[in-house]
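Here's a quick tour of a protein model, from the overall layout down to a few side chains. Have a look at it first.

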Amino acid sequence: MQYLLLIYSAEGRWDQMSDSERQQGAAAYQAYTESLRKADAILGSNRLQPSNTATTVRLVDGKPQVLDGPYSDSKEQLAGYYLVEAANLDAAIAWAARCPGASHGIMEVRPVWTLPHEAKSGA
């Protein structure tokens with residue numbers, strides 16, 4: 001089953017780190033990503049631009065209302081994600097706990113909704 005591991009962290013933290021701390025952080029994420037590859041569990045991943053680049057869209061009276069910025073204003077913002085294949089929720093939680101993001105932010109584990117036609121076609 002597919003799970004999305006969402007990484008929430010305090011924005012600006014990376015910019016406040018020393019060069020050595022950034023190198024250690026990058027190495028930790030590279031090692032984590034490589035462990036997912038070796039386990040044939042990774043389906044995709046990416047780091048996101050800062051929340052000030054986000055655009056929020058909602059319908060109000062049937063018309064789109066577009067706002068600059070993220071949906072929620074909180075200490076932690078969605079910073080990136082990993083899409084993984086795991087046997088069950090416990091396995092996905094174990095992967096999330098190993099992610100470097102778990103040590104400096106919050107990891108959200110969410111199962112991906114598989115549509116019936118995707119399940120039949122193997123997509």
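## Ground rules

This is a predicted model, so to speak of local features takes pLDDT of at least 70 and side-chain atom pairs count only at pLDDT 80 or more, while totals for chains, interfaces and linings use all residues. Numbering runs from 1 along each chain as its sequence is written, and side-chain values use heavy atoms, with hydrogens and water left out.

## Overall layout

The protein has 5 helices and 6 strands, where helices (H or I, at least four residues) and strands (E, at least two) are DSSP runs numbered from the N terminus. Along the sequence they come as β-α-α-β-β-β-β-α-α-β-α. The C-alpha atoms fill a box of roughly 50 × 50 × 20 Å along the principal axes.

Take the contacts (heavy atoms within 4.5 Å) between residues at least 6 apart in sequence: 75% of them join residues at least 24 apart.

## Surface

Of the 123 residues, 22% count as buried, meaning under 20% relative accessible area (1.4 Å probe, protein chains only).

## The core

The largest nonpolar core has 14 residues, and Leu 5, Tyr 32, Leu 36 and Tyr 82 touch the most other members. Elements giving two or more residues to this core are β1 (2–10), α2, β5 (76–85) and α3 (89–98). A nonpolar core here is a set of buried Ala, Val, Leu, Ile, Met, Phe, Trp, Tyr and Cys residues joined through side-chain atoms within 4.5 Å.

Leaving aside neighbours within four places in sequence, Leu 36 is in contact with Ala 41, Ile 42, Tyr 82, Val 84 and Trp 95.

Thr 33 sits in helix α2 and counts as buried because its relative accessible area is 10%. Its side chain makes a polar contact of 2.7 Å with that of Tyr 82; such a contact is a pair of N or O atoms within 3.5 Å, and within protein one must be able to donate a hydrogen and the other to accept it, with residues adjacent in sequence counting only if both atoms are side-chain atoms. Beyond its neighbours within four places in sequence, Thr 33 is in contact with Ile 42 and Tyr 82.

Ser 35 is in helix α2 (residues 19–38) too, and is buried at a relative accessible area of 17%. The Ser 35 side chain reaches the backbone oxygen of Tyr 32 at 2.6 Å. Not counting residues up to four places away in sequence, Ser 35 touches Trp 95 and Arg 98.

Conventions. Buried means under 20% relative accessible area, exposed over 50%, partly exposed in between (1.4 Å probe, protein chains only).
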